[in-house]
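Visitor: I have a model open and I'd like to learn how to read it feature by feature. Can we go through it together?

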Amino acid sequence: MATIITEISKYLIIFFMVLYTIKCFTVLKPVREDKKNHALNVQIVYVFIIHFLCYLTLFLKYKTISIVIFYLLQMIVSIVYMVSYHGIYKKSSRLITNNMSFLLLIGYVMLTRLDFDLAKKQFAFATITLVITAFIPLVIMKCKNLKNWDIFYAILGIGFLSTVFVPFLGVSKYGSTNWIQIGSISLQPMEFVKIIFVFFLASALNKAKGFKDYIKVTLVSGIFMLILVAEKDLGGATIFMMIFIMMIYLATQKTMILIGGLGGAAVIATVGYSLLKDKFSHVTTRINAWLDPFSYINDAGYQICQSLFAIGSGGMEGRGLGKGLPTAVPVASSDFIFSAICEELGVVFALCLILMYISCFIYFINISMKIRNSFYKNVAFGFTICFIFQTFLNIGGVTKFIPSTGVTLPLVSYGVSSVVSTLFLFGIIQGICVLENNGVGGNEEQTVYKQSNHEEVFSGE
């Protein structure tokens, strides 16, 4: 009987996941408010059905009461958060809350399957962070001077990022010195500094009035990236580089800036790798494994080969929760959790997950373009790029589309630093959405003036 229920649940999970994904794009269309609210309500129903079926499957496999208790705790936190958040912030985005909650729940499901202790730890930190980030919209509405703190953001970000070089504080993992250890707690400063970096760029670009100001912004941004290179965290440096290029492009509205920035980044990466590859042996290993993983299947290519085997063995519908071998992939709970999802929940489910990330990206872009305040426009856009590019790096590395960079899948992979920082990212974008929907989004005249001013600076007038 348990086998029949598990098999039926597998297909029902895929079915409701497809329906949920369709609703993600339905609410993006210009429809009546009542229809949009109905679609969002239906989404929540789908979320809880999928969540229930996943934990029913896990309970039937492991038959432990702790899984039931853990499931009920997740349900309580999710319902209380959704109801209370939208009760307090009437103008907040329910799509953001739905997708954020669902991504967290998918992560809990997979971590329960892979490592129950990690799942409980992630749940505890995420729940605390949800409480903290609930106050972010209030902070955004009350603090009017956040746009003026560019020097503070630069000093704070560079200082915090440099803590990994402090003796007995910095820790090396997977070839990079990008962690700090405080007692029993490990943190990855880059995950938090990327938020500070976006605020620095948004503030500095909001103030920039001439070419010299842009040079200063570039030099300070370069310091952030050089520190990441010194840490041998090239994945983090790539994310920071992309944020910088795209935010400069938004500020100047010059296509040549975008083309030149991307081209320059490619040249720097190629030349830098050629000159420093002996010092970045873990990067060389990942590139060799990417180019021809099966030639290195017993060492450097083992991880990516196992990932590809897992994705392939899952097929379109997956093998079912608990029926695959996801732990055969090293660090499956963090960097390679997407391959575990493909193996046990199926490629269809995984594709829907990608589409869910894309719907978040589209909605974040809409918020960025809609907000009238130039500072918060820059902030929202910077976070949008950070979010979607990190998603691309993770999934691209797992599927061998690009070399593995060691970054996590937002809100799904295990990683306290990553989950906490991503929840802050969602909270800030939600705060910007509330700000705009309440009609206090800022001065449209300032935005128009700034764009005009940037065009004059870069056109030589």
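This is a predicted model: local features need pLDDT of at least 70, side-chain atom pairs count only at pLDDT 80 or more; totals for chains, interfaces and linings use all residues.

Visitor: Where does Thr 6 lie, and which residues is Thr 6 in contact with beyond its neighbours in sequence?

Guide: Thr 6 sits in helix H1, residues 2-26. Setting aside neighbours within four places in sequence, Thr 6 has contacts with Thr 57, Leu 60 and Lys 323. Lys 323 turns up again in a network of salt bridges, together with Glu 7 and Lys 10.

Visitor: Let's do salt bridges, then. What's the general idea?

Guide: Side chains of opposite charge can pair when their charged atoms come close. In this model the count comes to eight salt bridges. Take Glu 344 and Arg 113: their closest N and O atoms are 2.9 Å apart. That pair links distant parts of the chain, with Glu 344 in helix H14 and Arg 113 in helix H4, 231 residues apart.

Visitor: Are Glu 344 and Arg 113 buried or exposed?

Guide: Glu 344 has 0% relative accessibility, so it counts as buried. Arg 113 is buried too, with a relative accessible area of 12%.

Visitor: How far apart are the closest N and O atoms in the salt bridge of Lys 207 with Asp 150?

Guide: They are 2.6 Å apart. This pair also links distant parts of the chain: Lys 207 is in helix H8, Asp 150 is in helix H7, and 57 residues separate them. Lys 207 counts as partly exposed because its relative accessibility is 35%, while Asp 150 is buried at 14%.

Visitor: What about a salt bridge inside one helix?

Guide: Look at Lys 194 and Glu 191, whose side chains meet at 2.7 Å, N to O. They are three residues apart in helix H8, so about one helical turn separates them.

Visitor: Now the strands. How do S1 and S2 run, and how many bridges join them?

Guide: They run antiparallel, with three bridges between S1 (residues 170-173) and S2 (residues 176-182). In one case, Gly 170 has Ile 180 in S2 as its bridge partner. S2 also pairs with S3 (residues 185-187), antiparallel over three bridges, and Gln 181 stands opposite Ser 186 in S3.

Technical notes
Residues are numbered from 1 along each chain as its sequence is written. Side-chain values use heavy atoms; hydrogens and water are left out. Helices (H or I, at least four residues) and strands (E, at least two) are DSSP runs, numbered from the N terminus. Contact means heavy atoms within 4.5 Å. Two strands pair if DSSP finds at least two bridges between them. A salt bridge is a side-chain nitrogen of Lys or Arg within 4 Å of a carboxyl oxygen of Asp or Glu. Buried means under 20% relative accessible area, exposed over 50%, partly exposed in between (1.4 Å probe, protein chains only).
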